[in-house]
Amino acid sequence: MINADKPNRWNEDTQKSVLQYNNWFMDFAPQAYQSARETCFASVEDVFMHSENLKNITVDLLVSNPEVLATLRMLCAPPIARDRLTGLADVPKALVKTMEGGRLPRVNKQLLIGQHIPALLGVIERLLDRQLINWLCSECDPCGMDLFVAKSVVADRLCGCTSDPIIRNAQEKRQLAVISSYLNSRGYRLINDPMVSAFEMPHGTYAYHKNVKMFKNALDDGDGYVNTPVDVVIMPMDANIRRPLLVECKSAGDYANTNKRRKEEDTKVTQLRATYGDITLYLFLCGYFDATYLGYEAANHMDWIWEHRVEDFQEVNV
């Protein structure tokens, strides 16, 4: 084992990992938020322009620009999440997500235009923040300051929904870059061939987001397989080692979130062990991972490498 069997150093490593995460967040988060806010403000302005300052929110608007639905959700009081809008409008679960991704779903067009989109607009119309968008209650055009305030508020609401994914994506990119730098310095090479399975990769190679074939659950009889992506798959240089190292990148900004996510890794390692027998899932950790989390993972056939001590990979011949 690398760290799972060394509880005497867990607390010290957690403190170092928290400090590393906090320093990164303080450097990165403000820039990420400002960039996201600029993008969001531009998209809000676009919605205002196409809807004549929200006085003409129509089915045609959503058919031509389905992605504006994300902004329309933020115009409500209170702003509503995708799932809440789906439930209130009683539309298919994937509809809102698909539209906000910039395309119309592949469903009966007559049903979409005649029923689904009007249902979405009906909910939004009823929940519109008319105190913020006060000009909708009169025949007058909004003044410049009212427009600016409304756009800024809606952009900030929208930004709050998009900044967290931006930060999460940046965390993953950073962690993959750290692993890649370490492996490259040791003579490994990255491969991107999807036709090469995880357990057939050449020695001295690694891959990102590689699908690994495993049982859907521990009780499967061999017929219920599923391809599950693993963040990093590493086939060691040593030709005597026949199995790759399977690594999941984990970065967290608070203790509560890490303990909520323990079940994700537990499910994956259970599937792996049901399929391949005695195998360890390795976690690459940065942030708020306390002894409660670490003890749980250690008891469930997991081990870990800290981002602040990436050379721990050497203890498993990598």
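A residue counts as buried when its relative accessible area is under 20%, and as partly exposed when the value lies between that and 50%. This is a predicted model.

**Packing of α4 and α6**

- Helix α4 (residues 82-89) packs with helix α6 (residues 109-127) at an angle of about 110 degrees, and their axes are 9 Å apart.
- The two helices are therefore roughly perpendicular to each other.
- L85, L88 and A89 of α4 make the contact with A119, L120, V123, I124 and L127 of α6.
- By class, this contact has 8 nonpolar residues, with no polar and no charged ones.

**Salt bridge of E315 and K6**

- E315 and K6 form a salt bridge, with the closest N and O atoms 4.0 Å apart.
- E315 lies in the segment after β6 (302-306) and K6 in the segment before α1 (10-50), so the pair links parts of the chain 309 residues apart.
- K6 counts as buried because its relative accessibility is 19%, whereas E315, at 43%, counts as partly exposed.
- Salt bridges that share partners join D5, K6 and E315 into one network.

- R37 and D156 meet in a salt bridge of 3.8 Å, N to O.
- R37 is in helix α1 and D156 in helix α7 (residues 144-185), so this pair ties together parts 119 residues apart in sequence.
- R37 is partly exposed at 36% relative accessibility, and D156 is partly exposed at 34%.
- K151 and E45 also meet in a salt bridge, at 3.9 Å, N to O.
- K151 belongs to helix α7 and E45 to helix α1, 106 residues apart.
- K151 is buried at 14%, while E45 is partly exposed at 35%.

Note on methods
Residues are numbered from 1 along each chain as its sequence is written. This is a predicted model: local features need pLDDT of at least 70, side-chain atom pairs count only at pLDDT 80 or more; totals for chains, interfaces and linings use all residues. Side-chain values use heavy atoms; hydrogens and water are left out. Axes are lines fitted to C-alpha atoms, for helices over the stretch in contact, and angles run from 0 to 180 degrees between N-to-C directions. Helices (H or I, at least four residues) and strands (E, at least two) are DSSP runs, numbered from the N terminus. Angles under 35 degrees count as roughly parallel, over 145 as roughly antiparallel, 65 to 115 as roughly perpendicular and the rest as oblique. Contact means heavy atoms within 4.5 Å. Ala, Val, Leu, Ile, Met, Phe, Trp, Tyr, Cys and Pro count as nonpolar, Asp, Glu, Lys and Arg as charged, and the others, Gly among them, as polar. A salt bridge is a side-chain nitrogen of Lys or Arg within 4 Å of a carboxyl oxygen of Asp or Glu. Buried means under 20% relative accessible area, exposed over 50%, partly exposed in between (1.4 Å probe, protein chains only).
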